[in-house]
Amino acid sequence: MLEAILVMVGIGIVVGAVLGYSAIRFKVEGDPLVDKIDAILPQTQCGQCGFPGCKPYATAIAKGEADINQCPPGGEDGVRKLAELLGVEFKPLNAEHGEPKPKSVAVIDENLCIGCTLCLQACPVDAILGAAKQMHTIIASECTGCELCLSPCPVDCIHMAPIEEDLTSWKWKYPVTRLRPAA
Amino acid sequence: MEYILILLGTVFVNNIVLAKILGLCPFMGVSKKLETAISMGLATTFVLTLGSGASYLISEYLLGPELFYLRTLSFIVVIAGIVQFTEMVVQKTSPVLYQVLGIYLPLITTNCAVLGIPLLNVQARHNFVESLFFGMGGAMGFTLAMVLFAGIREKLEGADIPKPFQGVSIAMVTAGLMSLAFMGFAGLINLK
């Protein structure tokens, strides 16, 4: 009986020790900061910050290669959250990278579309449905409003339509009252 | 020659899933797509080979004939440990392989074939190398059954199945028929 208990305890200790050691030895270094920054960014993948997407921009911020005020779709609100996460001062959006606009989705004027598929290639989130010489259309729920499809269109048939607030898209507003610092 | 016989015997004649009816939950659960079936098979092969070897060492040198009743308990502890260890090593050394095997690695701990084969090893009084081959063969048989079954299930997706048979029921019928087919190998190779 005692022997059995000792054997099981022994196996437990050995297995536990090996696992504990290998957890330290084989630790995978992911960068949790990049993921946290990426979670704040709006995921429009629009490239207005000068990086090819939100994740590369997040990586650049984490490395200290980019400033936090280069994301117009995120707006002032996004900059404020980034400043809070990184413990740096809030700064207004850099106008070089564009102005914040109301959240909108792209709409294709289907009478004008010639089916050239150029916008399909530009879309970073595959929100445009269509094939060569077929009319294209945009899946509104997938569109991030990045405007990357506007410039490739040879017939200018895509425009941005702001999302109107209705019962399905309404959200609680963030509280606007700022805490006054104690004198 | 003997080892090749063990391999052939466990893969075809005594197929762990289709003849011994062990490890049915991953067989039914992760066989909807061919890729996941292959990944699951690979992960199982890896763990089962290691697990058979480790279990042999434990039952032979640690437990002996007096503590035989601890086999099930100690095997499952060691196998769970091996699975965890494998997961950590694979994640560190080969992120690609980790992505392929991914969530299937921890799932293997609950696969009864993984516990069944070491116990069968002990019953059949295999030595160390035989245990390894038996484990690997069993896992390869598992992989074979998974891949065949997943292939059939992918075909079934597009087939015109009568309504009462759709979904799990036709999968069960298919598994039964496959099992029948594998029973045809019975007696082809006689393991001691």
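A nonpolar core is taken here as a set of buried Ala, Val, Leu, Ile, Met, Phe, Trp, Tyr and Cys residues that are joined through C-beta atoms within 7 Å. In this predicted model, the largest such core holds 45 residues, of which B:Val47, B:Val114 and B:Met146 touch the most other members. Two or more residues of this core come from each of α1, α3 (34-63), α4, α6 (104-107), α7, α8 and α9 (168-183) of chain B, and the element that gives the most is α8(B), with eleven residues. Leaving aside residues up to four places away in sequence, B:Met146 touches B:Phe27, B:Ser31, B:Ala37, B:Met40 and B:Gly41.

The chain around the largest core can be described next. Chain B has nine helices and zero strands, so that, by the assignment of helices and strands as DSSP runs, its elements read α-α-α-α-α-α-α-α-α from the N terminus on. Of its 192 residues, 41% count as buried, and among the contacts in chain B between residues at least 6 apart in sequence, 79% join residues at least 24 apart.

The buried residues in α4(B) are B:Ser74, B:Phe75, B:Val78, B:Ile79, B:Gly81, B:Ile82, B:Val83, B:Thr86, B:Glu87, B:Met88 and B:Val90. As a general point for reading such a list, an α-helix has 3.6 residues a turn, so residues three or four places apart point the same way.

How do two of these helices meet? Two packed helices are described by the angle between their axes and the distance between the axes. For α7(B), residues 112-123, and α8(B), the axes come within 10 Å and cross at roughly 145 degrees, and the crossing in which α7(B) passes α8(B) is right-handed. On the α7(B) side the residues that meet the other helix are B:Ala113, B:Ile117 and B:Asn121, while on the α8(B) side they are B:Ser131, B:Phe134, B:Gly135, B:Gly138 and B:Phe142. By class, the residues of this contact divide into four nonpolar, four polar and no charged.

Chain A is built from five helices and four strands, which follow one another along the sequence in the pattern α-α-α-α-β-α-β-β-β. Of the 183 residues of chain A, 21% count as buried, and residues 24 or more positions apart account for 58% of the contacts in this chain that have a separation of 6 or more.

Some loop residues of chain A deserve a look at their backbone angles. Most residues other than glycine have a negative phi, and most peptide bonds are trans. A:Lys133, although it is not a glycine, has a positive phi of about 60 degrees, and this residue is found in the loop between β2 (128-129) and β3 (137-138) of chain A. A:Lys133 is exposed, because 9 other C-beta atoms lie within 10 Å, where 12 or fewer is the cut-off for that class. A:Asp156, likewise a residue other than glycine, has a positive phi near 50 degrees and is found in the loop between β3 and β4 (158-162) of chain A. With 10 C-beta neighbours inside 10 Å, A:Asp156 therefore counts as exposed.

The loop between β3 and β4 of chain A also holds A:Leu150, which is partly exposed, with 15 other C-beta atoms within 10 Å. The C-alpha atom of A:Leu150 is separated by 9.8 Å from that of A:Val107, a residue 43 residues apart from it along the chain.

It remains to describe how the two chains meet. Between them, 13 residues of chain A are in contact with 15 residues of chain B, and the side of chain A that touches chain B has ten nonpolar, two polar and one charged residues.

Technical notes
Residues are numbered from 1 along each chain as its sequence is written. Chains are lettered from A and ligands numbered from 1 in the order in which they are written. This is a predicted model: local features need pLDDT of at least 70, side-chain atom pairs count only at pLDDT 80 or more; totals for chains, interfaces and linings use all residues. Two residues are in contact if their C-beta atoms, placed from the backbone, lie within 7 Å. Ala, Val, Leu, Ile, Met, Phe, Trp, Tyr, Cys and Pro count as nonpolar, Asp, Glu, Lys and Arg as charged, and the others, Gly among them, as polar. A residue is buried if 20 or more other C-beta atoms lie within 10 Å of its own, exposed if 12 or fewer, and partly exposed in between; C-beta atoms are placed from the backbone. Axes are lines fitted to C-alpha atoms, for helices over the stretch in contact, and angles run from 0 to 180 degrees between N-to-C directions. A crossing is left-handed if the near helix is turned anticlockwise from the far one by less than a right angle, and right-handed if clockwise.
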